[in-house]
Amino acid sequence: MNGYLGKKGRANSFSLIAVLLILLGATLGCLGPSASDSRCEGVVSIGGKKYTGRAKDEKQARLNSCNKFCIEEDEKAKGMVADWLASDKAKSFEKTYKRKAKKEDAVIEDKRILDYVTRNCATRCVSEANKGKHKLRTSCKK
């Protein structure tokens, strides 16, 4: 036989491959974000700038918009991100992913920055909202 499947064997192989591709497509389709995953929106406004975050619920939408606000407006977060972008870690990231590292990459790749932005700055942003420094509005679709 030496690797020859015959007509019946080839048909079965093609059928198996087709079924596997269909299952893979269905699985990946189900893993993607649904409309309900971003039904709520939070917007931080300061000095004419807006930072928008979306999520399933209002609380997380507020935090997500504050995460973006922190990366751009909080001096400590900006410094941490700038340091990471100038580091060997950023250069390694760029070689691995074959693209320039962004601010968001620094937050995702460095646990210390992630912890500061999400645990310290974003929670402070939410608690200080609408007290004069910045405005935070949220809305959810039904």
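Two strands are taken to pair if DSSP finds at least two bridges between them, and the elements themselves are DSSP runs numbered from the N terminus, helices being H or I with at least four residues and strands E with at least two. The model is predicted, so that local features need pLDDT of at least 70 and side-chain atom pairs count only at pLDDT 80 or more, while totals for chains, interfaces and linings use all residues. Residues are numbered from 1 along each chain as its sequence is written, and side-chain values use heavy atoms, with hydrogens and water left out.

Strand 1 (residues 40-46) and strand 2 (residues 49-55) run antiparallel and are joined by seven bridges. Within this pairing, cysteine 40 has alanine 55 of strand 2 as its bridge partner. The two strands form a hairpin with two residues between them, and glycine 47 in the turn has a positive phi of about 50°. In general, strands of a sheet pair through backbone hydrogen bonds, either parallel or antiparallel.

Contact being defined as heavy atoms within 4.5 Å, glutamate 58 touches Cys40, Thr138 and Cys140, residues up to four places away in sequence not being counted. The C-alpha atoms of glutamate 58 and cysteine 40 are separated by 5.6 Å, although the residues are 18 apart along the chain. Glutamate 58 has a relative accessible area of 36% and is therefore partly exposed, the class between buried (under 20%) and exposed (over 50%), with a 1.4 Å probe and protein chains only.

Histidine 134 is placed in the loop between helix 6 (111-128) and strand 3. Its relative accessibility is 4%, so histidine 134 counts as buried. Beyond its neighbours within four places in sequence, histidine 134 is in contact with Val44, Ser45, Ile46, Phe69, Cys125, Glu128 and Ala129. The side chain of histidine 134 also reaches the backbone oxygen of cysteine 125 at 2.9 Å.

Note on methods:
A polar contact is a pair of N or O atoms within 3.5 Å; within protein, one must be able to donate a hydrogen and the other to accept it, and residues adjacent in sequence count only if both atoms are side-chain atoms.
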